[in-house]
Amino acid sequence: MANTSLSATRSGGGPAGSGRTPRVLLLAQCGNSVGDGVFLVVSALYFTGVVGLSAQRVGAGLAVAWAVGSLAGTPLGALADRRGPRGVSVLLALATATAVGALLLADSFPAFLAAATLYATAQTGLAAARQALLAGLVAPADRTAVLARLQAVLNAGLAVGAALGGVALHLGTPAAHRAALALDAAGFLLCALLLSRLPAPGPPAAARDRSAPGVAVLRDRPYVLLTLLHTVLLLRMPLLSLALPLWITRRTDAPDWTVSALFVLNTLAVTFFQVRAARSVTDLGTAARAVRGAGAVMAAACAVFAAGALPGLGAGGAVAVLVLGSVLLVAAEMRHSAGSWQLGLGLAPADRIGRYQGFYGTGVPVARTLGPLLVTTLLLDGGPAGWLLLGGAFLAAGAATGPAARWAARTRG
């Protein structure tokens with residue numbers, strides 16, 4: 001299937017997919033991903049140990065914040081369509097930096113909740129606006145390759161940020177925690193500055209479209225189905241950060257340091273191999289095959305993780321099984337990412353990329369909000385059977401993506 005739903009719009013950025021534009025996008029990604037790495041490591045202990053909030057309140061507040069943020073992606077993406085993605089991206093990067101600054105000043109739960117909600121909303125909208133900006137400056141044939149490089153830089157930046165956050169945790173002082181979060185705010189300020197230096201895409205065709213932002217997307221039933229299937233596959237996100245650590249420490253004989261080792265394995269694999277994994281994804285057909293294969297490999301990874309709890313494995317055997325499962329999981333993650341980028345952008349109408357990407361991107365906050373509860377309940381209560389059930393869901397979602405993509409392509413005329 002040819003990718004015919006998007007047109008390449010170039011405006012002073014040099015050849016699409018090469019030259020200055022991708023370099024600036026990569027630097028912007030690096031700036032905010034280093035800050036995000038710091039935030040991921042430091043934030044929970046800062047809010048509980050320095051601000052004095054309970055862990056339950058922090059968890060509930062973040063769940064509410066990401067739930068609200070998931071609703072903001074489509075209207076903010078529509079704003080990028082109407083007003084231009086460069087300006088909206090810069091504005092939302094500045095809003096994210098402001099939100100981190102507000103989190104530094106928060107001294108009560110209501111203040112924390114308000115700042116966290118602004119943070120989640122701005123982050124979700126920024127993701128949609130930046131996708132629309134990339135689509136306006138990079139030719140369709142080059143987008144998946146550029147996105148793969150961005151994903152690799154994101155993981156490298158997260159690793160660097162996590163190391164810096166570890167320094168703050170080692171120092172253990174309130175000043176060190178605040179300095180670490182200030183670095184996150186600085187990263188988004190740098191991101192805003194860099195994005196402002198990009199050329200502006202041509203006038204957005206969607207400026208004439210005054211319909212409610214979500215109406216056109218919700219009427220596009222095949223795209224809604226694709227988004228739903230994409231969200232199911234994104235339930236892999238809380239596996240590495242939450243479900244596996246609990247599974248390893250409670251249900252296997254593997255030592256606790258295995259949790260950290262698997263995280264490092266995942267981060268390094270994506271950093272070094274995401275670009276290579278995306279090379280074969282060049283159109284809607286190869287994208288659908290990549291997602292189908294990713295679903296099957298995710299299912300295999302779940303079966304392997306379930307086997308990690310078999311009696312008699314011992315510490316060494318359990319570690320070997322968990323490493324194998326993690327290799328399968330990260331291989332599936334890279335293929336799913338490459339395929340989903342191509343499908344999400346390639347099937348979005350050229351004049352509504354922002355709002356469509358905002359809707360497609362709701363899978364991430366939904367996975368962050370509902371995923372931890374769903375996955376931990378399924379796996380910790382269900383044990384190996386829960387892993388197999390989750391694997392079956394991945395397998396089914398991957399297999400259904402191809403027919404859904406073909407349905408969507410037919411409706412594009």
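Helices here are DSSP runs of at least four residues, numbered from the N terminus, and with that settled I opened this predicted model at Ala-306, which I find in helix 11.

**Entry 1, Ala-306.** I looked up the accessibility of Ala-306 and read 8%, which makes it buried because the limit for that class is under 20%. Leaving aside residues up to four places away in sequence, I list Trp-247, Pro-384 and Trp-387 as the residues that Ala-306 touches. I also took the separation between the C-alpha atoms of Ala-306 and Arg-352, and it comes to 42 Å for two residues that are 46 apart along the chain.

From helix 8 I picked Thr-227, whose relative accessible area of 4% puts it in the buried class. With residues up to four places away in sequence set aside, Thr-227 touches Phe-359, Tyr-360 and Thr-362.

How many salt bridges does a search of the whole structure find? I found one, formed by Arg-355 with Asp-81, and the closest N and O atoms of the pair are 3.8 Å apart. The pair links distant parts of the chain, since Arg-355 sits in helix 13 (residues 353-360) and Asp-81 in helix 2 (residues 55-83), 274 residues apart. I checked the exposure of both partners and found Arg-355 buried, and Asp-81 buried as well.

I looked for disulfides and the structure holds zero. Cys-30 is partly exposed, at a relative accessible area of 33%, whereas Cys-302, at 2%, counts as buried.

**Entry 6, aromatic rings.** My count of aromatic pairs came to nine. In one of them, Phe-39 and Tyr-119, the ring centres are 4.9 Å apart and the planes stand at 20°, so I class the pair as stacked. Phe-39 belongs to helix 1 (residues 20-51) and Tyr-119 to helix 4 (residues 109-137), which places the partners 80 residues apart in the chain, and both are buried. Tyr-119 also pairs with Trp-66, this time with centres 6.5 Å apart and planes at 80°, so that pair is edge-to-face. Because Trp-66 lies in helix 2 and Tyr-119 in helix 4, the pair ties together parts that are 53 residues apart in sequence, and I find Trp-66 buried along with Tyr-119. Elsewhere I noted a cluster in which ring pairs link Tyr-46, Phe-47, Phe-109 and Phe-112.

Note on methods: Residues numbered from 1 in each chain as written. Predicted model: local features only at pLDDT ≥ 70, side-chain atom pairs only at ≥ 80, totals over all residues. Heavy atoms only, no water. Salt bridge = Lys/Arg side-chain N within 4 Å of Asp/Glu carboxyl O. Helix = DSSP H or I, 4+ residues; strand = E, 2+ residues; numbered from the N terminus. Buried < 20%, exposed > 50% of the residue type's maximum accessible area, 1.4 Å probe, protein only. Disulfide = S-S within 2.5 Å. Contact = heavy atoms within 4.5 Å. Phe/Tyr/Trp six-rings, centres within 6.5 Å; stacked < 30°, edge-to-face > 60°.
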